[in-house]
Amino acid sequence: MPKPYFLLQKKSDVYSVEINGTEDLEKTEKVDEEGMYKDLKGNKKKKKTEDLKKELDLVSDAKLTFHRGLSSARAAEILARDGPNSLTPPKATPEIVKFLKQMVGGFSILLWIGAAFSWISFGIQFAQGAESPFDNLYLGVVLALVVILTGIFAYYQEAKSTNIMASFSKMIPQQALVIRDAEKKELPADQLVVGDIVEIKGGDRIPADIRLIFTQGCKVDNSSLTGESEPQSRSCDFTHENPLETRNIAFYSTTCVEGTATGIVINTGDRTIIGRIASLASGVGNGKTPIAIEIEHFVYLVAGVAISIGVLFFIISVSMRYKILDSIIFLIGIIVANVPEGLLATVTVSLSLTAKRMAKKNCLVKNLEAVETLGSTSIICSDKTGTLTQNRMTVAHLWFDDQIYSADTSEDQTTQPFDQSSQTWTALSKIVTLCNRAEFRPGQENLPVMKRVVVGDASETALLKFAEVVLGDVMDIRARNKKVAEIPFNSTNKFQLSIHETDDRNDKRFLLVMKGAPERILERCSTIMINGKEEPLDSEKAEAFQTAYMELGGMGERVLGFCHLYLPENEFPDTYPFDTDSMNFPTSNLCFVGLLSMIDPPRSTVPDAVSKCRSAGIKVIMVTGDHPITAKAIAKSVGIISATSETVEDMAKRLNVPVERVDRRQATAAVVNGMELKDMSLQQLDEVLCNHSEIVFARTSPQQKLIIVEGCQRQGAVVAVTGDGVNDSPALKKADIGIAMGIAGSDAAKNAADMVLLDDNFASIVTGVEEGRLIFDNLKKTIAYTLTKNIAELCPFLIYIIASIPMPIGTITILFIDLGTDIIPSVALAYEKAESDIMNRRPRNKSKDRLVNEQLAVYSYLHIGIMQSVGAFVTYFTVYAEQGFLPTTLLGVRVNWESNAINDFEDSYGQEWTKYQRTYLQWTGYTAFFVSITIQQVADLIIRKTRRNSIFQQGLFRNKVIWVGIFSQIGIALILTYVLLRYWFVAVPFAILIWVYDEVRKLFIRRYPGSKLVGQEHVLLKQSLSLVILLLVESFFSILIQPLLLKRPVCAIITWARPMKG
Amino acid sequence: PSPALPRSRARSGGGERGHEGEAEDPNSEEEEETKQAMGSKTWRELAGDLKLFLWNREERTCMGRTATSWGLILLFYFVFYTCLAGMFAFCMYVMLLTLSPYTPTYRDRVSPPGVMIRPYLHGFTIAFNVSKRSTWQPYVDSMHRFLAAYDDKVQEEKNIECVAGRYFVQGGHEGEEKKACRFKRSLLQSCSGLGDPTFGYSRGQPCVLLKMNRIIGYRPGAGVPVSVDCKVQKGNESDLRSVDFYPGNGTFDLMYYPYYGKITHVNYTSPLVAMHFTDVKRNNLVPIQCSLKGEGIINDVNNDRFLGRILFTLSIGK
């Protein structure tokens, strides 16, 4: 059974690891998901030993031929067998296929049908020798252009999205130093084969998975593989059964930081650990984003409407004895009118605007659709280290004088507030300062202490910074207390010791300072310092120590004990030769001074962000490789486990009963250990996820992270996952939205993710959520706005077919609206502010809270859309009436009107018109219709600013971009229709009606919350009543305003603009 | 941490939950339901669902609504659309109030005048065989029908004799009935159909009548009568050897203008110019363009081939 390899290593002692037999490395099958599930249960440990033995054989063989290496012939053989040492890129869909997919997706297919029909009718008309067949040709070309342009746009957007293999291949080292035929050779790394002997020095990238056979001070940076930031030393010793933990293997793509090493290649190419992760990551299915699903749903809805109306009217027109060709042309018109051509581009633009806005807030969105995904996120699986925490050890608590003091752990501490007057503290601070090998890098005097770079391990760094903050110049103190001897920390002693001269000139004694594991330190002490005085360490004091130690340990903190001893001057004179090997100085009966505990503290913005998530209905799950106690402590301090909630263990402790007897359902919180997780069935995992609102997964391997993500997704949740290592990339890919860390994250993680947090800060995710929710709301508005005018574009065709009036609006004119005047306003809606606190809402329910629902469609189509149509038709009839064709004359004239032969067509006044004059008038009608839709779309735009609140609550001027939209809309329309100023005003009463009507609707919605406009009858009735009153008022208004608008003054302005013929 | 924890939790799963959990869970339960509902179904089940949707016996709902609900929703839309229709009618009414019944508000789209010919059957090709009566009789009938309104008797009865050579401007109130000038058929002389009832078609010398489109208030030619001229369009000039124009030299007399609209200018008959194609090449398609000539007349617009001119084809067979 193939098995994925993952390891998240932070501290080697606290790790629960999926231990993998080496046989996995030999296998080449691709890892499939099924395999991973099986992996949950079956953990093969048995074979491992044999395999390691095999490997050892291989190594001993190699040692024999170590100086010769492989022969070139043998290497070529193996190369032919195994293939080159490089990662196989995933089978990519050819670019042209991707491009063509864009060309047929969404509305495109409808528009292609429209274009095809146009060309067919052009062909037929051309063959028949009709007067103007080219109109249809052009229409077809325009439709095709619309499809191609939006397709190119969409393709361009997609092309920018993630290509996971790219960074893996970038990590491949270029050259490797290989011993072959007993000679050292520089070879391209992809020529390496299993069995090759390679030499590595500091700075090199490891060219393959290598078993080390000779090392000298070699350290490797495994961070890209395990997420572990500290370089790890490498030696030839076999130290651990697990190949991932043992020190004698270095992994492909990691970096050798210092030292040199020689090793034998044990795996190449896709069979390396990194190769397996890469193939696993690309094998993980990347489902559709929620917004993509919503848009698809919307496209189906609109296409359904378009096709059914189109077909219905095709049948109607055929049965009304229209020619088939004419019916087809009607069909094109209906399709074009129904399809919001510009909408998908608008959505893309809105999303990218939000993406830009988010980038400013440190959320870099790689995949545009992910912008919204974050908004619908219902579970965030967050890393602990670096995301929730500051990713640096900091002193959190002190214990001396039998008392626990808290230290400031914030990111920008400059002083420490605890009581520093005690003599014990003076002694303790001295030990902290002196018994420490960490040093600041020079030249950072102007930086704040917390930001300075330190050479030294994490704990020492924490102590150094702590001392620097409290005492000031540590290096100076150290200089004044010269070090005469030192024993560095090692795992056998578990302490660190140094001996110093003191800066007290009168005191010639040497000071011995020691720090280390508290229990080991205590063992070496016989006295304890209380309030500056040494007192014997009796059992009572030891008990107090134990309590404090347990308490600090219980907070998940790393505790260190400190003790000292002034060496008697007579025994240890100035010239005494201290020898650290023979330890010619006392290391017991020391004086215990105090404890310091350190933790990687939470970022100060995180608790607030977590509580925001909570109020936004988002469950935050912590997934960490850390020890459960540490994890729980951090979870409590950031609010992932709230102050009042308890785990089963907590309850058991409180009630003083065994864990088994606690009612588990009352525990809201759960801390799940990686070991427990491994034994859980999927159902059990589901129940844990379902029953507890506050969950911490501790000691988990990255592979388990993937299982947790899948578990959450089974609950129907939209899951966001944070991660930084290469090993996180499958989980990042699997998540609905993968969030990689910008600073700590590896390239692979960034590539697999949909979003990159530039500041690694959990709080940035929350801003992202807010933006995502806002854009979902605003897209709703955009779509409602765009859909409305479809009816006003569609009605003309329907009435044209049924009443045989001259065509009110042309297909090209419709495109002018859809792709001209309406684009900027609909993008402007993306800038709308939230109506209410969107972070106090629950995440939207994927299956219920759709982007486009019945209410939205019905309200847009049947209410506002119809009003717009009526307004536009008033304008249409006004144009014709003013030119001599009264409405009654127009009914049923279509055949004669469109006849090319009739050039003395009589109007209502007895004047006679040529065909072209009529056509010209018809175009005037198009323009007027276009103008009135535009003017009413301005009203539509204003009402769409809010969905519940009154426009006056929202503020008409808060979103400046809306006004840009309105002006652009009017501007574009003016350019297109400069001659027709007089018809701008006819539809104004209807525009006002739309506004007032919608305000009334919003009033009802606010007054009867929870009721839907359609479906709540009593609300409807009241609205009907108010509608009647409204229309009466409106009508009086029309009486006043319309004659004014239609009368001469306006006409006088436009006479100069009378179009010239010819 | 106890390893047994998750498993025992599984046993006790469901039931009452903590505060937070309560808020979280209805969601996921519903979601599961919907998932199931959306999951794969047989056609039979689908049909059952559809039937239930169309008529749910238990809840007495049709398409998800009860009778009252349907009644109210339809009532709402009825009121809504009635109001909209009312407002539409009202706006139209107000708009029509602003219009004059005698003169349209704008005449910019209809002027300058277009031109039409008679006989007019289907298109602009006059093709016939002299020897076959059936080929030209329809043209002759069309001419007679058209000229019936120009019968001398009818004209003398209804219209007055006007002073030739100047516009017949009639003042007074806009709504007063306007007098119309006589245009007698006999003015067309050999094309009047009086002497030769076949308008020359029987001899292969067809008459074609040309009329200018009516435009209210339009005074063609700015004081000089508009005349008609014909030539072969894009072809051999010699195909059309002679054309006679009646009345006069093929001019529209000024006294017939301006036109006052069909309500007040009831008996107005458009003046005509008859073109007698006395010598046209036989057995040939002869494309002819007849254009108006005069001040303010536009006859060279590419898009509009009937503006100030007309194109037609003569094809006279033996």
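View 1. A:Ala176 stands opposite A:Leu187 in β2(A). Strand β1 (residues 175–180) and strand β2 (residues 183–188) of chain A run antiparallel and are joined by six bridges; strands are DSSP runs (E, at least two residues) and helices likewise (H or I, at least four), numbered from the N terminus, and two strands pair if DSSP finds at least two bridges between them. Two residues lie between the strands of this hairpin, where A:Asp181 takes a positive phi near 50 degrees. The model is predicted: local features need pLDDT of at least 70, side-chain atom pairs count only at pLDDT 80 or more, and totals for chains, interfaces and linings use all residues. Residues are numbered from 1 along each chain as its sequence is written, chains are lettered from A and ligands numbered from 1 in the order in which they are written, and side-chain values use heavy atoms, without hydrogens and water.

**View 2. Open sheet of chain B.** Five strands with mixed pairing follow the order β4-β11-β10-β6-β8 in chain B. Because β4 (125–129) and β8 (251–252) of chain B stand at the edges with a single partner strand each, one side of each has no neighbour in the sheet. Strands β10 (residues 285–293) and β11 (residues 309–317) of chain B pair in the antiparallel sense over seven bridges; B:Ser291 has B:Arg309 in β11(B) as its bridge partner.

**View 3. Disulfide of B:Cys230 and B:Cys290.** The sulfur atoms of B:Cys230 and B:Cys290 are 1.9 Å apart, a disulfide being a pair of cysteine sulfur atoms within 2.5 Å. The torsion about the S-S bond is about 110 degrees, so this disulfide is right-handed. B:Cys230 lies in strand β6 (residues 226–232) and B:Cys290 in strand β10 of chain B, so the pair ties together parts 60 residues apart in sequence. Relative accessibility is 10% for B:Cys230, which counts as buried, and 1% for B:Cys290, also buried; buried means under 20% relative accessible area, exposed over 50% and partly exposed in between (1.4 Å probe, protein chains only).

**View 4. Disulfide of B:Cys191 and B:Cys207.** The sulfur atoms of B:Cys191 and B:Cys207 are 1.8 Å apart, and the link is left-handed, with -80 degrees about the S-S bond.

View 5. A:Cys256 is buried, at 0% relative accessible area.
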